[in-house]
Amino acid sequence: MIYLDYQATTPLAPEAREAMLPWLAGPEAMRFANPHSAHVPGRAARAAVELAREQVAALLPPGGRVVFTSGASEAINLAIHGLGVKRIALSPIEHAAVIDTARASGAMLDWLPVGADGLVPADAPVVAGTGLVALMQVNNEIGTVQPVAEVTARARTAGALVLCDAVQGAGKLAAPDADLIALSAHKLCGPKGIGALWVRDGVVLAPLIHGGGQEGGLRAGTLSPALCAGFGAAAELCTKLMKDDAQHVDQLWETACALLPDWQLNGSATQRWRGNLSLRRDGLDAARLLSECRGLAISAGSACASGSGRPSHVLQAIGLTGPQAKGSIRLGFGRYTTRREVEDACAMLNAAAAAQGV
Ligand code: PLP
């Protein structure tokens, strides 16, 4: 099986697995204690959690704190519901975790413009009275890198805070400039079931989950030292390998683009994370292609959108027609993808498209 779906999830880094194993290993109290207990084994577990917090914080700006959550969806819910503002400006290409939470918050929504290149303009207007601007760092479907710094500057002038969904950019790009940043471990070669919300000092949130007062009162519930340790180790590896990972991804991108000359790119060719290759072909039935390429794990649009059967809101927002969206696929590669896998995948895709006569 060739796995080219790195935007849906990534393989667990061996280093992250190693960091997790001691906390899953056994009957000794030092291996399973509650990190919120005051006794010696509890404090040892707490130390592992705090080391992980520092490792994750190294991916983020100074001047804030990391709150562990179950994943980015929860982090985004905590940010939006926790702020409780009355007016939110957001891009129409945000992940459903942002769009649906903003809708559920009851706030008035203003939609930022987005171009056919999949980019929100750097001078997108933020009107006075806006409480929060939500703009993602890297789009999960088409890979475009949004002008977060510029939009944040305009938001600040308008007196608004900024939430950046950095799920697809964290560990790959420098941290975005924002007031609240959502991350997910499983998108950066960490375990599933843990994420984080970075909260700038001075930003006041109400908790979403009430109970034992963990995470500074912002998120009740016993943390898993194993998940925290895996997240921390994965984050540390990203810090160490960021340049090498980007170079590797660039090489895979060049290989794939050279082998897929008859496919059109969705989204900007320059302002993008090159580990996301969103492509289309006129007349292609992407769903059929996916079922025919059984040895290939790729996605037609985002994993969430393909599961729901809804047309991708991102491909619609950048102006693709229904048939163009239906003819789109997404290849996602990263640290553990080999050149050979990309070459074999491209051969399969070209053969499957040819079999459809397109
Ligand atoms: N935001 C983006 C851009 C994503 O790609 C995803 C996952 O697909 C999420 C949010 C939700 O992340 P999680 O699975 O950690 O809840």
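**Before starting**

This is a predicted model, in which local features need pLDDT of at least 70 and side-chain atom pairs count only at pLDDT 80 or more, while totals for chains, interfaces and linings use all residues. Residues are numbered from 1 along each chain as its sequence is written, and side-chain values use heavy atoms, with hydrogens and water left out.

**The whole chain**

The C-alpha trace spans about 70 × 55 × 35 Å along its principal axes. Of the 358 residues, 53% are buried (buried means under 20% relative accessible area, exposed over 50%, partly exposed in between; 1.4 Å probe, protein chains only).

**The ligand**

Next, select the ligand together with the residues that surround it, among them Gly-71, His-95, Met-136, Asn-140, Asp-165, Ser-184, His-186 and Lys-187; a residue is included if one of its heavy atoms lies within 4 Å. By class, this shell has 3 nonpolar, 7 polar and 2 charged residues. Here Ala, Val, Leu, Ile, Met, Phe, Trp, Tyr, Cys and Pro count as nonpolar, Asp, Glu, Lys and Arg as charged, and the others, Gly among them, as polar.

Display the side chains of three of these residues. A polar side-chain atom of Asp-165 lies 2.6 Å from a nitrogen atom of the ligand. The side chain of Ser-184 has an N or O atom 2.6 Å from an oxygen atom of the ligand, and a polar side-chain atom of His-186 is 3.0 Å from a ligand oxygen atom. The protein buries 87% of the 390 Å² that the ligand exposes when taken alone (Shrake-Rupley method, 1.4 Å probe; for residues, only the protein chains shown count as cover).

Keep His-186 selected. It is in the loop between strand S7 (180-184) and strand S8 (195-200), and counts as buried at 17% relative accessibility. Its side chain also makes a polar contact with the side chain of Thr-9 (2.7 Å). A polar contact is a pair of N or O atoms within 3.5 Å; within protein, one must be able to donate a hydrogen and the other to accept it, and residues adjacent in sequence count only if both atoms are side-chain atoms.

Then move to Gln-55 in helix H3 (residues 40-57). Gln-55 is buried, with a relative accessible area of 13%, and its side chain makes a polar contact with that of Glu-236 (3.5 Å).

**The sheet S9-S10-S12**

Finally, select the open sheet of 3 strands in the order S9-S10-S12, with antiparallel pairing; two strands pair if DSSP finds at least two bridges between them. Strand S9 (264-265) and strand S12 (328-332) are the edge strands.

On the S12 side, 5 bridges join S10 to S12, and Asn-276 stands opposite Gly-332.

In a regular strand the side chains alternate between the two faces of the sheet. In S10, Asn-276, Ser-278 and Arg-280 on one side and Leu-277 and Leu-279 on the other are all buried.

Conventions: Helices (H or I, at least four residues) and strands (E, at least two) are DSSP runs, numbered from the N terminus.
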